[in-house]
Amino acid sequence: SQNIYILGIESSCDDTAASVMHNGRILSNIVANQKIHEEYGGVVPELASRAHQQNIVPVVAQALKKANITKDQLHAIAFTRGPGLMGSLLVGTSFAKSLAYGLDIPLIDVNHMQGHILAHFIDEDGFEKPPFPFLAMTISGGHTQIVMVDNYFDMTVIGETIDDAVGEAFDKSGKILGLGYPAGPEIDKRAKLGNPKAFKFTKPKVDGLNFSFSGLKTAILYFIQNETKANPNFIEENLNDICASIQYTIIGILIDKLKLASKQTGIKHIAIGGGVSANSGIRQALKDGEQKFGWTTYVPKFEFTTDNAAMIAIVGHLKYLDGEFAEQNVAASARLKI
Ligand code: KG4
Ligand code: ZN
């Protein structure tokens, strides 16, 4: 039928999310953020799974209500199978299975990383869909990946981080500077007011298209320790410049790898996703890349970049059209690959 309603469910990390999609358009996109982790300066897996357990039914109910449909109108349930935190994935997986079983409709397993990429194919006014083949760079608190996308379900990871994710580089730098968690948005705000060339941090040397961010974090730590020894007020007096310099270094690393990926593959269509794609510096650098390197760049609507269930629903929709369904004995997988 051409009247397809898909429920998407996402619970891979610390956000409990549900979304209803109708023929590729989003009718609702509900996310319950777990504030509890802010106190700890990072996601605490045990607390995350408990919060998912509490949030999942209300979030799904809200998504259905906002979409103005009942659960009996759904054609399939799509859920995040992985990658992510096992305790978190189990909540969404078990709930999705039970609901699909109860309603006697197909169950569709979704790879979270494919979700970030295929979010570009949600029908949304004012947003263009990238043509195949394109390069997708997913940058968030949990992931840093460059993927060559030849078709919806024909994609190859050509580069990824060998240690920390880029969002962690922002968040851990922020922690060193005494900023709250997550620090990315605050660093972005301050970077706009500072001099990006005030302080120089060496970029890590990593072969090919892979990334490394743990060395940068250590370099920043030693730099700050050293400077505050000489001047205890160093951070307060230079905070905007420090933030601008850190952000400049991180963006330089990302753009260098994108340039190399584009050169190696000959692909000039570049799509980004993940929470860090909100960063104003990376957005500007991509725009500059359009002028400098002839790229065409794609940034999805903000609500589809951070972890959300709309991106799970669009993958569900595409798989539904292909008749790609999961068995009821499908298991969540913390390290699921693209
Ligand atoms: O996708 P997301 O909401 O959650 C996952 O990690 O999956 O991404 C959150 C990450 C955090 O590390 C946060 O600091 C970073 O995205 N972030 C930013 C900005 N907004 C969010 N980093 C830099 N600049 C921003 N404007
Ligand atoms: Zn994610």
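**View 1. Helices and residues that form the shell around ligand 1.** In this predicted model, helix H4 (166–176) and helix H5 (184–191) each contribute at least two residues to the shell around ligand 1, where helices are DSSP runs of H or I with at least four residues, strands are runs of E with at least two, and both are numbered from the N terminus. The ligand is surrounded by 19 residues, of which the closest are Gly141, Gly167, Gly184, Gly275 and Thr306; a residue is near a molecule if its C-beta atom, placed from the backbone, lies within 6 Å of it. Sorted by class, this shell holds seven nonpolar, nine polar and three charged residues, with Ala, Val, Leu, Ile, Met, Phe, Trp, Tyr, Cys and Pro taken as nonpolar, Asp, Glu, Lys and Arg as charged, and the others, Gly among them, as polar. Because the model is predicted, local features need pLDDT of at least 70 and side-chain atom pairs count only at pLDDT 80 or more, whereas totals for chains, interfaces and linings use all residues. Residues are numbered from 1 along each chain as its sequence is written, and chains are lettered from A and ligands numbered from 1 in the order in which they are written.

View 2. The chain is divided into domain 1 (5–120 + 304–322) and domain 2 (130–299), with bounds that come from an automatic or database domain assignment. Fourteen residues of domain 1 are in contact with 20 residues of domain 2, contact being defined by C-beta atoms, placed from the backbone, that lie within 7 Å. On the side of domain 1 that touches domain 2, helix H3 (residues 112–118) provides the largest share, five residues, and the residues of that side divide into six nonpolar, seven polar and one charged. The C-alpha centres of the two domains lie 27 Å apart, and each domain gives at least three residues to the shell around ligand 1.

**View 3. Ile139 in strand S6.** Ile139, found in strand S6 (residues 134–139), counts as buried because it has 29 C-beta neighbours inside 10 Å; the cut-offs are 20 or more other C-beta atoms within 10 Å for buried, 12 or fewer for exposed, and partly exposed in between, with C-beta atoms placed from the backbone. Leaving aside neighbours within four places in sequence, Ile139 is in contact with residues including Val166, Gly167, Leu254 and Ile272.

**View 4. Asp188 in helix H5.** Asp188 lies in helix H5 and is buried, with 20 other C-beta atoms within 10 Å. Not counting residues up to four places away in sequence, Asp188 touches Gln247, Asn279, Ser280 and Gly281.

Terms used: Contact = placed C-beta atoms within 7 Å.
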